[in-house]
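Hi everyone, thanks for coming along. I'd like to walk you through one structure today, from the overall layout down to a few single residues. Let me put it on the screen.

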Amino acid sequence: MSSETKKTSNSGGAGRGGGGHGKKESILELAKFVDSQVRVKCLGGRELRGALRGYDELVNLVLDDCEEFIRGEMNQNNKTVSDKDDPEKITNQTRKLGLVVIRGTQVSLVSPEEGTEEIANPFLGGGEEEEEEEGS
């Protein structure tokens with residue numbers, strides 16, 4: 001067998017059974033976010049913000065200068081009090097965590113902090129828009 005034939009036989013796409021030696025290509029393009037601020041949403045509702053320093057093929061992330069967004073509201077004694085209507089509500093209050101490693105199995109969303117903005121959810125009630133239209 002020539003070396004060219006060996007090369008082609010090993011480069012075939014590896015299926016679920018493994019055995020392939022080709023590197024699995026990630027769907028996420030995290031390389032363009034390295035050393036920039038990202039926001040990470042995790043399973044369970046936790047949200048983090050920090051500078052992406054590294055990642056791997058399992059989407060394990062390393063964030064530097066990381067901050068966690070506090071869920072619920074702070075009372076006068078700086079204690080977190082959950083909102084009766086929405087205990088998972090994220091506030092603008094944060095706590096500093098420093099350098100963290102986030103396990104890939106917990107990551108549900110990674111987005112750049114710069115260039116994103118929050119919009120109203122078009123699937124919620126829509127009562128405000130209907131009221132405005134009726135009032136006209």
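Before we look at any side chain, one term: a residue is buried under 20% relative accessible area, exposed over 50%, and partly exposed in between, with a 1.4 Å probe and protein chains only. Please keep in mind that this is a predicted model, so to speak of local features we need pLDDT of at least 70, and side-chain atom pairs count only at pLDDT 80 or more, while totals for chains, interfaces and linings use all residues. Residues are numbered from 1 along each chain as its sequence is written, and side-chain values use heavy atoms, with hydrogens and water left out.

Now the layout. The protein has two helices and seven strands, and from the N terminus the order is α-β-β-β-β-β-β-β-α. These elements are DSSP runs, helices being H or I with at least four residues and strands E with at least two, numbered from the N terminus. There are 136 residues, and 19% of them count as buried. A contact here means heavy atoms within 4.5 Å. Of the contacts with a separation of 6 or more, 49% are between residues 24 or more positions apart.

Let's go inside. By a nonpolar core I mean a set of buried Ala, Val, Leu, Ile, Met, Phe, Trp, Tyr and Cys residues joined through side-chain atoms within 4.5 Å. The largest one has 14 residues, and Val40, Leu52, Leu61, Leu63 and Ile102 make the most contacts inside it. Strands β1, β2 (47-55), β3 (61-71) and β6 each give two or more residues to this core. As a general reminder, nonpolar side chains in soluble globular proteins tend to be buried together.

Take leucine 63 from that group. Setting aside neighbours within four places in sequence, leucine 63 contacts Val38, Val40, Leu48, Gly50, Ala51, Leu52, Gly98, Leu99, Val100 and Ile102. Glycine 98, on that list, sits in strand β6 and is partly exposed at 25% relative accessibility. Beyond four places in sequence, glycine 98 touches Leu63, Asp64, Asp65 and Cys66.

On to charges. I call it a salt bridge when a side-chain nitrogen of Lys or Arg is within 4 Å of a carboxyl oxygen of Asp or Glu. The structure holds 10 of them.

Which residue does glutamate 47 form a salt bridge with? The partner is arginine 39, and the closest N and O atoms are 2.9 Å apart. Glutamate 47 lies in strand β2 and is buried at 9% relative accessibility, whereas arginine 39 is partly exposed at 22%.

A second bridge joins glutamate 68 and arginine 46, at 3.0 Å from N to O. This pair links distant parts of the chain, with glutamate 68 in strand β3 and arginine 46 in the loop between β1 and β2, 22 residues apart. Glutamate 68 is buried at 6%, and arginine 46 is partly exposed at 39%.

Then there is glutamate 113 with arginine 49, at 3.4 Å from N to O. Here the two residues are 64 apart, glutamate 113 in the loop between β7 and α2 (127-135) and arginine 49 in strand β2. Shared partners join Arg49, Glu67, Lys96 and Glu113 into one network of salt bridges.

Most residues other than glycine have a negative phi. Aspartate 35 is in the loop between α1 (3-10) and β1 and is exposed at 55%. Valine 59 is in the loop between β2 and β3, and counts as buried at 16%.
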